[in-house]
Amino acid sequence: MQLTNRRKEVSHKEQSIAEKIYLPAILKGMAITASHLFKKSPTINYPEETRPIAPVYRGQHVLKRDDNGAERCTACGMCAVACPAEAITMESAERKKGEEALYREEKYAAVYEINMLRCIFCGLCEEACPKEAIFLTDRLVDTEFERGDFIYGKDKLVEKMTERIDVSKRQTPEVLEFKKKPGLKHNELFDSSKQLGKGKKH
Ligand code: SF4
Ligand code: SF4
C-alpha cells in the first residue's frame with residue numbers, strides 16, 4: 001500500500017566523473033545562493049527598525065496609576081495566583097495617613113516584581129486584576145547580559161505620569177462597555193479632597 005507520493009526508485013547506474021566530484025550539486029547550490037543576491041533581504045536593522053506588530057501584542061507589563069497619579073495596585077495577589085509561570089512576587093504594605101495621593105487603596109505593593117525570564121506573556125495577570133492595575137503593553141522587554149536584570153521591580157513597571165501609557169486601544173468595546181457598570185467602584189477616579197481626613201474606604 002502506498003502511503004505517500006514521495007516514493008523514489010533507487011538508481012544503481014554508475015556515477016559520471018562530474019557527479020563523483022559533486023559538480024552538479026555544487027553548481028545547484030551556487031545558483032540558489034546567487035538567486036538570493038537579487039531578493040529583498042528579510043532581515044531588519046533592529047532596534048533602529050521594528051516590524052509592525054498586532055494591536056493586542058502582549059509585551060512588557062505596566063502598573064497603572066489613576067488620573068490623579070495614585071498607584072492602582074492594592075497588592076491583592078490575584079495576578080500572582082493567576083500567573084501560570086509563578087513570575088510575580090510582591091510585598092504589601094499599609095497606606096499611611098498623608099499617602100492618599102500616592103496609593104489609591106489602603107493597602108499597596110511596597111515591592112512588586114516580575115521575572116521576565118519566567119513570564120510567558122499570557123496576559124492572565126491582566127485578566128485577573130480587579131483594579132485594572134496591570135496591563136501588558138506593546139513594549140519589548142530589553143535585552144540584558146545578567147539574569148538578575150530581568151527581574152523588573154516597581155521602578156520599571158509603574159507608569160510615570162510624564163510618560164503615560166494608553167492601554168484603551170488594547171481593550172475590546174465589550175470590555176470597555178462592561179467597565180462602565182456602576183457597580184465597578186474601582187473604575188471611578190479617586191478624589192483626594194473627598195477622602196482626606198475622613199477615614200473612608202474607597
Ligand atoms: S503575562 Fe502570564 S506569565 Fe507573565 S506575569 Fe502575567 S500571568 Fe505571569
Ligand atoms: S496588579 Fe492587580 S491583581 Fe496584582 S496585586 Fe495589584 S491589584 Fe492585585
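These legends accompany close-up views of a predicted model.

**Figure 1. Confidence along the protein chain.** The model is predicted, and its protein chain has an average pLDDT of 87. A score of at least 70 is reached by 90% of the residues. Strand β5 has the highest confidence in the chain, with a mean of 98. Helix α7, residues 192-195, has the lowest, with a mean of 50. Over residues 195-202 the pLDDT stays under 50. For that stretch the model has 6 contacts beyond four places in sequence.

**Figure 2. The open sheet of three strands.** The sheet has 3 strands in the order β2-β3-β5, and the pairing is antiparallel. Its edge strands are β2 and β5, each of which pairs on one side only. Strands of a sheet are held in pairs by backbone hydrogen bonds, and the pairing may be parallel or antiparallel. Here β2 covers residues 88-94 and β3 covers residues 107-115, with 7 bridges between them.

**Figure 3. The surroundings of ligand 2.** Ligand 2 is also surrounded by 14 residues. The closest are Cys73, Cys76, Met78, Cys79 and Cys129. How does the shell around ligand 2 divide by class? It has 11 nonpolar residues, 2 polar residues and 1 charged residue.

**Figure 4. The largest nonpolar core.** This core is made up of 22 residues. Leu63, Cys73, Cys79, Ile88, Cys125 and Ile134 have the most contacts inside it. Two or more residues come from each of the elements β1 (61-63), β3 and β4 (134-136). The element that gives the most is β3, with 4 residues.

**Figure 5. A cis peptide bond at Pro47.** Most peptide bonds are trans. The bond that joins Tyr46 and Pro47 is cis, with omega at about 10°. Pro47 is found in the loop between α2 (23-36) and β1.

**Figure 6. Two residues with positive phi.** Most residues other than glycine have a negative phi. Phe121 has a phi near 55°, a positive value, and is not a glycine. Its place is in the loop between β3 and α4 (124-128). Is Phe121 buried, exposed or partly exposed? Phe121 has 16 other C-beta atoms within 10 Å, so it counts as partly exposed. Glu132 has a positive phi of about 50° and is likewise not a glycine. It sits in the loop between α4 and β4. Glu132 is partly exposed because 17 other C-beta atoms lie within 10 Å. A residue would need 20 or more such atoms to be buried, and 12 or fewer to be exposed.

Figure 7. Ser11 lies in the segment before α1 (17-20). It has 7 C-beta neighbours inside 10 Å and therefore counts as exposed. From Ser11 to Met161 the separation is 150 residues in sequence and 73 Å in space, C-alpha to C-alpha. Ala18 is part of helix α1. With 12 other C-beta atoms within 10 Å, Ala18 is exposed, since the limit for an exposed residue is 12 or fewer. Leaving aside residues up to four places away in sequence, Ala18 touches Leu23 and Pro24. Ala18 and Lys179 lie 161 residues apart in sequence and 74 Å apart in space, C-alpha to C-alpha.

Notes:
Residues numbered from 1 in each chain as written. Chains lettered and ligands numbered in written order. Predicted model: local features only at pLDDT ≥ 70, side-chain atom pairs only at ≥ 80, totals over all residues. Pairing = 2+ DSSP bridges. Core = buried A, V, L, I, M, F, W, Y, C linked by C-beta atoms within 7 Å. pLDDT = per-residue confidence, 0-100. Contact = placed C-beta atoms within 7 Å. Near = placed C-beta within 6 Å. Nonpolar A, V, L, I, M, F, W, Y, C, P; charged D, E, K, R; others polar.
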